[in-house]
Amino acid sequence: MGTDATDSQGTGEEIEVSGIVQGVGFRPFVYRLAHRLGLGGEVRNAGDHVVIRISGPAAARDAFAAALAHEAPVLARVEQVTRCPAPVPDGAFRIVASGAGTVSVGVVPDVATCPACRAEIADPKARRFRYAFTNCTDCGPRFSIVTGLPYDRPATTMAGFPMCPACRAEYDDPADRRFHAQPIACPDCGPRLWLEGGDDAGADPIDRAAGLLRAGQILAVKGIGGFHIACDATNADAVALLRARKHRPTKPLAVMADLATAHALCLITPDEEAALAHPSAPILLLQLKRDAPLAPGIAPGQRHLGVMLPYTPLHHLLLAAAGRPLVMTSGNRSSEPQIFRDDEARERLAGIVDAFLMHDRPIARRLDDSVARHVAGRLRVMRRGRGLAPMPLTLPADFADAPPVLALGGELKSALCLTHGTRALLSHHLGDLDEPATGDAFETARADYAALFAHKPAVVAVDLHPDYRATRLGEDLAAAGGLPLERVQHHHAHMAAAMAEAGWRRADGPVVGIALDGLGLGEDGTVWGAEILVCDYRTSRRIARLSPIPLAGGDAASREPWRVLLAHLDRALGRAAVDRDPHLTARFAGKPLLTLRAMMDKGLNVPSASSAGRLFDAVAALLGLAPDRLSHEGEAAMALEAVAEGEAPPYPFGLHAETTPAEIDPTPLFKALMADLHAGRPRATAAAAFHTGLAEAFVAAAAQVAKAEGLTAVALSGGVFQNARLLDEMVRRLKARGLAPLVPAEVPANDGGLAFGQAVVAAARRMG
Amino acid sequence: LAHGGGGSAMRDLIDDVFLAAFSGDGRAAPEDQARFDLAALMAHGDRLAFTTDGFVVDPLFFPGGDIGKLAVCGTVNDLAVGGAKPVALSCAVIIEEGLPVETLRQVAASMAQTARAAGVAIATGDTKVVARGACDKLFITTTGIGVVRKGLDVGISKARPGDVVLVNGLLGDHGAAILNARGDLALETAIESDCAPLNGLIDTLIEAAPGLRMMRDATRGGVAAVVNELAEASAVGVRLRELSLPMRAEVMGFCEILGLDPLYLANEGKILAVVPPEEADTALVALRAHPLGREAAIIGEVTGERPGRVVMQTRFGGERIVDMLVGDQLPRIC
Ligand SMILES: [Fe+3]
Ligand SMILES: [Mg+2]
Ligand SMILES: [Zn+2]
Ligand SMILES: [Zn+2]
């Protein structure tokens, strides 16, 4: 070995690589790289990093070190490469087994099928031609099959599939791309596929399933992290039937399509194409083409469509056989959690689907598809699930000495967060905790994460809301473990999440925070959701808020936008004016206004709330864009965003600086909106003017606060920032004023990111 | 009424109101304490039951009742759900200066009438007048004693998986009536409080279902609070069926508009009872035969799943958790 004998003698070094470098095919990569460059030496796992010893010419070693970062496997994240001269004996490069007592490798997310495996299942001569469970070290199931540690085949749901000699040989060969690929499988030894329901058995289950789909039937498809419900996305009847059976009238459905079809359906930028094709294969919200060949019921009233590429061989085969885009929505009944066990699927989905495409590789834990959107120059995660969890996030460097924290998150879109030093594990999406099944799954997930990552918290963090189930669980865990409990205000947690993801250090001091959210309990016992805060990691002060309105009926007001519309209009225009206006009398026809107003007067179940989410609801209702009763959270706000078109001068807001906190007053906005309604201005323009107006009002107020406090960074978070138009406007306007926006991207801006924020606040408080 | 006058004239006036109302209820000379013959009490059972409760309600008079009726029923029912025969009550009355004497007379009359209907004596009492603002119109505290039937042992921790959960009638009427009366809500409803003494009904139930595990009156916090306490104390799960909950359409509509969960609304004439499965039918029949139990229903069962948790099967076939709330139905949607 060695290409240049004259300068290879005795020249060696030891290289330590840290980051996410275990369980991701890093050692085989190093092995192949060393062989390619003609270097000798060895590689082994050590603790949570990898140690490489190489011998060879300096130039080749430099090339090797550079390639470690640049050519690393898709799943790896190389954070640090430390080189140190050392005597390394010559000899063919080899992989050294990890010694006993070595810390086990971590668990990584599931990975979409890699190009090599895709080519293999399409190759009639290949051993795995049309094999639905093909994978390698670069791709395949990971987190969804892990049952314990160390990450080794016996500790996965592949334990019941002994390798055949051919697979074993690949598994043992360091030069093979399946070297130590734990889920390795082939038609001789791996999981198999079958179809339940439908008629004539015997034929290939993929072809049969595709035939049923083409015939307009509805199928349950067992995937990586759970069951999907699938139908032909171009068949209006099939889509309507699926909606009726699933009791899901309007919420947009996700579509799975190959890249060419995706391009036919949506406008896709190069950044978005990269995101689609990323190994995490999220559902990406893409701009729908006007003439997209798709059933109209897929995303009614939406300008965007949730699209994902096939991410398992099963999906690739099914999609190719069906020859059309497929609806792939989560397999559950209405709002229940996605089903991931066979028996449960047979029982719960029986009334919804006509047949089941099943396989016998068990799913270790439910992982919903991740959802993301490209906004303001970056991919932003809206739901963290399959493909993203449990990839750790890195906290700013001065959290290195923080005690380990367990944060429990919020009530809806719940997720947990576990921290250890600067590592933060934000769990996958666990669902809405008012469902008993989700509540159980939440507790199971807590134990699951604690065990898998050997995490022992020293602090427990929860929301201020006493009746969030996550708060209760946190209180119980803290009491049982004798641990301190940190209660973190909802919007402080949202801000802290944005700060920490942006790398804002504790030492960097406070920022201005703009929280635009639904509702979260405030420190004063009222409900917040449209606030300007000044906060560091430990404390938060509310400087300004949207003028509060009475939320007649509590949560009922979040479900029925006309309630908040009435509250806003009564406040802005006065009751008499509301009652005189023919537009409004029509809008409120048949609504019990007297009762609602009496409730507000007497304070009967009428919490006071400053909420951006409810302002969106009110404006959507005024423009006739919201049903009397929402069928899913965010429906009205999504409709308002979808209808907004073009540029429009911002609607005005008032600013009352004399009150504490200061008030951003929507009265002028509603007056202008009413004038435009009477003038017959198109609602596309009105919706655009609303977005711009809200952006300008909060940016202007934040800029004043920044100036008064001598600050330059502005954190933006809360569920309302899933609105691309608003976020885009605000980021531009902040930058134009010389302010630096801190916007979450890997952490969801909605309550899915709450636990991450709670964790950093708790950690910072404990560090003093 | 004036405060601070303190003269014996004022005192006599107040005493007159109550003495007049309660006379004939067994109260003899106005001693500082009521006295009972133990032997007579022991004829009813072998244990003494003793309870107290304070009553504040706005407004004082509401459809279906008033603070006086409430004060008697509340304490009678608290005794009765423990399996006790209520014997006598005391009542302490705090009056805000300026309350019309006529109001006091009406309340006293209502207490007397309710006590007679329940078959208990108001055996002793006290009144105080306080300055304006020191209390809101009228507060009443009643304390009661009763005698627990021999051999009967009911309790919140005695439910077992398989047991059946019953209520004696329509839920939420009292809470809805009070809110409606307080709010002037412009609703075309005639919802009345269900306020009633339940000792008679409970006698019937005990006879029909001797294996009775527990009873509770579903007052503040409604059925949700009782069922949660039961689940916790007995370390069992409870599964309720929304479609089985007896409820007036009017109350449901009222809750819909107010954004309230009717399971959390107060009742003043409803008990929740848990009986072993083999006694469920006879218990239900017995309850329904009683005037205060015509709408009685089986609303769920005790399970071994999720100890401490109450799960409701919704009308759409889904499930949701029914929690014990710390906050006052604070919004949870973000
Ligand atoms: Fe939130
Ligand atoms: Mg009581
Ligand atoms: Zn592969
Ligand atoms: Zn094989």
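Colleague: Hi! Which residue stands opposite Arg47(B) in E6(B)?
Modeller: Val148(B) stands opposite Arg47(B) in E6(B). This is a predicted model, in which local features need pLDDT of at least 70, side-chain atom pairs count only at pLDDT 80 or more, and totals for chains, interfaces and linings use all residues. Residues are numbered from 1 along each chain as its sequence is written, while chains are lettered from A and ligands numbered from 1 in the order in which they are written.

Colleague: How many bridges join E1(B) to strand E6 of chain B?
Modeller: Nine, and the two strands run antiparallel, with E6 covering residues 138–148. Strands here are DSSP runs of E, at least two residues, numbered from the N terminus, and two of them pair if DSSP finds at least two bridges between them.

Colleague: And what sheet does that belong to in chain B?
Modeller: An open one of four strands, in the order E1-E6-E4-E5, with mixed pairing. Its edge strands are E1 (47–55) and E5 (121–130) of chain B, each pairing on one side only. Neighbouring strands are turned by 15° against each other on average, direction ignored; the axes are lines fitted to C-alpha atoms, with angles running from 0 to 180 degrees between N-to-C directions.

Colleague: Switching to chain A, what is the strand order in the open sheet of six?
Modeller: E17-E20-E19-E18-E21-E22, again with mixed pairing. Strands E17 (393–394) and E22 (485–488) of chain A are the edges.

Colleague: Parallel or antiparallel for E18 and E21 of chain A?
Modeller: Parallel, with three bridges joining E18 (residues 405–407) to E21 (residues 459–463). Leu406(A) stands opposite Val460(A) in E21(A).
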